[in-house]
Amino acid sequence: MRFRAKIVDGACLNHFTRISNMIAKLAKTCTLRISPDKLNFILCDKLANGGVSMWCELEQENFFNEFQMEGVSAENNEIYLELTSENLSRALKTAQNARALKIKLTNKHFPCLTVSVELLSMSSSSRIVTHDIPIKVIPRKLWKDLQEPVVPDPDVSIYLPVLKTMKSVVEKMKNISNHLVIEANLDGELNLKIETELVCVTTHFKDLGNPPLASESTHQDRNMEHMAEVHIDIRKLLQFLAGQQVNPTKALCNIVNNKMVHFDLLHEDVSLQYFIPALS
C-alpha cells in the first residue's frame with residue numbers, strides 16, 4: 001500500500017487548502033478514500049442514529065501534478081484512512097504561498113500522512129516544513145460502510161438562496177429554538193421556520209427556481225405550491241452552513257418529506273453532498 005502526491009500550482013494549492021478547511025468545519029474526524037483518479041472525504045454517522053453524512057469528491061488530476069498510489073490489492077486498488085480533519089487543515093495552513101506541497105503515506109512507529117511544505121525563504125534556498133498526521137488504516141471489511149450514500153427520490157428539489165444570507169438567518173433563529181423546519185415547493189419557494197410556545201418565526205425565499213428534471217417528473221400529478229418539509233436539528237444545519245467559505249457554483253436542496261434533507265453543492269470541480277436526518 002503506497003501513496004504519494006505533489007501540488008506545485010499555487011491556485012490548486014489554495015483550493016485544496018480551502019477544501020480541507022471546509023471539511024474540518026463539517027467533521028471532527030473523517031475518512032479519506034484514495035483511489036487512482038479520485039479523493040473522497042467521507043463522514044458516515046448512521047442516518048438512522050440521527051447522525052449527518054457527508055460525501056466530498058474531487059478529481060485528483062485537477063489538483064495534483066504528481067499522483068501515485070497502490071491500494072491494498074490489484075482488485076481493490078483503494079486506500080481508506082481515518083484522520084482528524086483539523087490536523088490536515090492545520091498542516092495545510094502553513095502551505096500558503098508555498099513553492100510545493102507533498103503528501104505521502106508513511107510509517108513512523110505508527111501510520112502517518114506526512115505533509116511536506118516547501119516554503120520560499122528570503123535567500124534563494126527553500127526550507128521544508130513537515131507535519132506527520134496520525135492516521136488509522138481502515139481494513140477492507142469495513143469499506144462497505146463507507147460507500148457513497150444512496151439518495152432517495154426527493155419530494156422537492158430546489159436551488160438554495162445565497163448561503164451567507166441563509167446562515168445569518170439560521171444563526172438568529174438558533175437563539176430562539178434548537179429545531180427548525182425547512183419546507184419548499186416546486187414553485188421556487190423555500191421557507192425556514194421555527195416555533196416555540198411563545199413565538200413563531202418564518203423566513204420566506206421566493207423565485208429560487210427548481211431543477212428542470214425535478215419539476216417536470218413530478219409536477220404532472222402534484223400541486224406546484226404544495227410544501228414538502230423536514231424537521232431538523234438547527235445546529236446541524238448551522239454547522240453545514242458555517243463550513244461553506246466560498247459561494248458554490250451550484251447549490252441544491254433536496255427534501256424527502258419528514259425523512260431527511262440532502263444538500264448537493266458544486267464548488268468549481270469539487271462536489272459536496274451533505275445529509276441531515278429528520279428529528280424523530
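Q: Which residues make the nonpolar surface patch of about 240 Å²?
A: In this predicted model, M1, V72 and V137 make that patch.

Q: Switching to aromatics. How many aromatic pairs are there?
A: The structure holds seven. One of them is F3 with F67, with ring centres 5.4 Å apart.

Q: Why is the F3 and F67 pair called edge-to-face?
A: Because the ring planes stand at 65°, and the cut-off for that class is over 60 degrees.

Q: Which parts of the chain does that pair tie together?
A: F3 belongs to strand β1 and F67 to strand β5 (residues 66-70), so the pair ties together parts 64 residues apart in sequence.

Q: F3 and F67, buried or exposed?
A: F3 is buried, at 4% relative accessible area. F67 is buried as well, at 16%.

Q: Which aromatic cluster are they in?
A: F3 and F67 form one cluster together with F16, F63 and F64.

Q: Back to β1. What does β1 pair with?
A: β1 runs antiparallel to strand β7 (residues 100-107), and four bridges join them. R4 has K104 in β7 as its bridge partner.

Q: And what about β7 and β8?
A: β7 pairs with β8 (residues 111-120) in the antiparallel sense, over eight bridges. L101 stands opposite V117 in β8.

Q: How many residues lie between β7 and β8?
A: Three, and the two strands form a hairpin. In the turn, H109 has a positive phi of about 70°.

Key. Residues are numbered from 1 along each chain as its sequence is written. This is a predicted model: local features need pLDDT of at least 70, side-chain atom pairs count only at pLDDT 80 or more; totals for chains, interfaces and linings use all residues. Side-chain values use heavy atoms; hydrogens and water are left out. Patches are made of residues with over 30% relative accessible area and no salt bridge: like charges are joined within 9 Å, nonpolar side chains (Val, Leu, Ile, Met, Phe, Trp, Tyr) within 5 Å. Accessible areas come from the Shrake-Rupley method with a 1.4 Å probe; for residues, only the protein chains shown count as cover. A salt bridge is a side-chain nitrogen of Lys or Arg within 4 Å of a carboxyl oxygen of Asp or Glu. Rings of Phe, Tyr and Trp (its six-membered ring) pair if their centres lie within 6.5 Å; planes under 30 degrees apart count as stacked, over 60 as edge-to-face and the rest as tilted. Buried means under 20% relative accessible area, exposed over 50%, partly exposed in between (1.4 Å probe, protein chains only). Two strands pair if DSSP finds at least two bridges between them.
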